[in-house]
Structure formats: structure tokens, C-alpha cells
Amino acid sequence: MQLDQHTIAALAEHLENAELNARAVEKITNNYPDMDWEDAYAIQDEIRARKAARGTPVAGLKMGLTSPAKIRQMGVKEPIYGFLNGLHGYDSGARIDTGMLIHPKVEAEIGFVLNRPLAGPGCHIGEVLAATEYVVAAVEVIDSRYENFKFDLKSVIADNTSAARYVVGRRCVGADGLDLKNLGIVLRKNGQVETLASGAAVVGHPAASVAMLANMLGARDREIPAGVLVMTGGATEAIAVARGDRVQVDYQWLGSVEMEFY
């Protein structure tokens, strides 16, 4: 690590205040170019600790930059992970306030809930599927706190991987016999098709993303808990939304997720 604990705490406060006040800020690596990956995750952990101290529940975990579409869009190579704020989860049909967001975008995802904890090293797709209680359609609303949605990988990790809101479908489906790799996804905004994808867009198979997360956490002596939502990363590129937009995402076998922005 390159940053001391005082600096990590100050940067966590800075980024969380940007989130809470919907205020864009300069990416932090501009002022701290030597910060490393451990610094970035330490800042994210400090943000999580600040929320926990106020009683904010952690509802799950999320992977980011796991699809070729997102890798191309963001110009990065490695996946990353963050946490889900339990106060920011919605059911399908939700109305989401854009006044508390800076530059929101939506991306279609596939969620997993496990019936037992998983941790690496050596976690693989088969182990994930064996531990899966159910899968569910989900849409993440991402909203980087950085000016012009411009950041590098360390800055976005520190900013909890742009986590903002998430909307979950109502149909929970067991993984047995479900062809998640070829699961089709159609994302519509205001009735018009914006993008198409399949489960294979998420590192070849969405369960591979869960295994990757388990291995990343295992390297830090952590695990994926049972019973929490794991969002596997965007199968589609992120689509910008604004006040008045309606989004519907249809998932083969998993139903639809709908939301309105006001």
C-alpha cells in the first residue's frame, strides 16, 4: 500500500460525500497517482465501514467489467468487485429518482444467490452451480461519481465500482438444467431496443464471474456469504438514462425487469 490510513479515510469520506450529494468530483488518481490496488480496495472498504456504522445494510456483492462490451467501453482489461447498498435495491416496476444521481446508466445482469458460502482459491463454475440456490434477472444502475464518467481502474474500485441502484426481477429460478451461457437478453428504453446480449457475454458464463469473485475474495481471506445477491457484471454495455425514461429488460427463462426514472 502507498497511502496511509488517514489519507484512505479522507478519500473514502470525499467519495461517499460525492455519492450522497450527487456531486461529480475529479478522479482521485489525479492527486494520488502512486496509489495501488490495495489502496483502492481499502478506500472501498472504508466507504463500506462508514455506511455500516450508520446502519446501512450490505445486501450483496457485484462484479464489474466482466463483459467484452464493458471492457471495450471502459478501456480496461481486468474485472473488479464492489458491494451492494441494501438501501438502494428495488423490485421490478420501481420508480427511481434521477435527482439523486449524477449521470446514471443501466446495464443488464444475471444475479446469483448461493445456499452456502464460497471462497477461493480454486473455485470453478461447477462449484458455483452446485452452491446456487437460484438465479434472478437484475439491472444495475451505475453512476460514477467522477466528472464526465471518466476514470481509471483504481479510481473506480475506490468509488465502489460506480454502484448506485439495482433492480431485481420477481422470478427466482434454480440453476439445474438452465442454459445460462445461452440465456438471451433484450434491453429496451422507451420501447426501443437498445442492445442485445446473452449470458456468455459475462466472461463466457455468468457462473464463471461468481467463481472469479470467490477467488478474488479468497485471496483477501474473505468469502461470498450464503443468501446474498451476487450481481455478475453487465452482459450489455451501459445505456444512459434520464428523467422520463422507461427501461424494460427481458430475460429468456427469467422474466422481465422494468423501471421508470423520474
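Let's start with the open sheet: five strands in the order β4-β13-β12-β8-β9, with mixed pairing. Strands here are DSSP runs of E with at least two residues, helices are H or I runs of at least four, and both are numbered from the N terminus. Two strands pair if DSSP finds at least two bridges between them. β4 (94–96) and β9 sit at the edges with a single partner strand each, so one side of each has no neighbour in the sheet. On average, neighbouring strands are turned by 20° against each other, direction ignored; axes are lines fitted to C-alpha atoms, for helices over the stretch in contact, and angles between N-to-C directions run from 0 to 180 degrees.

A word on the source, please: this is a predicted model, where local features need pLDDT of at least 70 and side-chain atom pairs count only at pLDDT 80 or more, while totals for chains, interfaces and linings use all residues. Residues are numbered from 1 along each chain as its sequence is written, and side-chain values use heavy atoms, with hydrogens and water left out.

Back to the sheet, and to β8, residues 184–189. As you know, side chains in a regular strand alternate between the two faces of the sheet. In β8, I185, L187 and K189 make up the covered face, and G184, V186 and R188 the uncovered one.

What joins β8 to β9? Six bridges do, and the two strands run antiparallel, with β9 covering residues 192–198. K189 stands opposite Q192. The two strands form a hairpin with two residues between them, and N190 in that turn has a positive phi of about 55°.

β8 also pairs with β12 (residues 246–251), antiparallel again, over five bridges. There, V186 has D250 as its bridge partner.

Now for the helices. At what angle do α1 (residues 5–20) and α2 (residues 37–53) pack? The angle is about 60°, and their axes are 8 Å apart. That makes α1 oblique to α2, given that under 35 degrees counts as roughly parallel, over 145 as roughly antiparallel, 65 to 115 as roughly perpendicular and the rest as oblique.

One last stop: L87, in the loop between β2 (80–85) and β3 (89–91). L87 is exposed, with a relative accessible area of 57%; buried means under 20%, exposed over 50%, and partly exposed in between, using a 1.4 Å probe and protein chains only.
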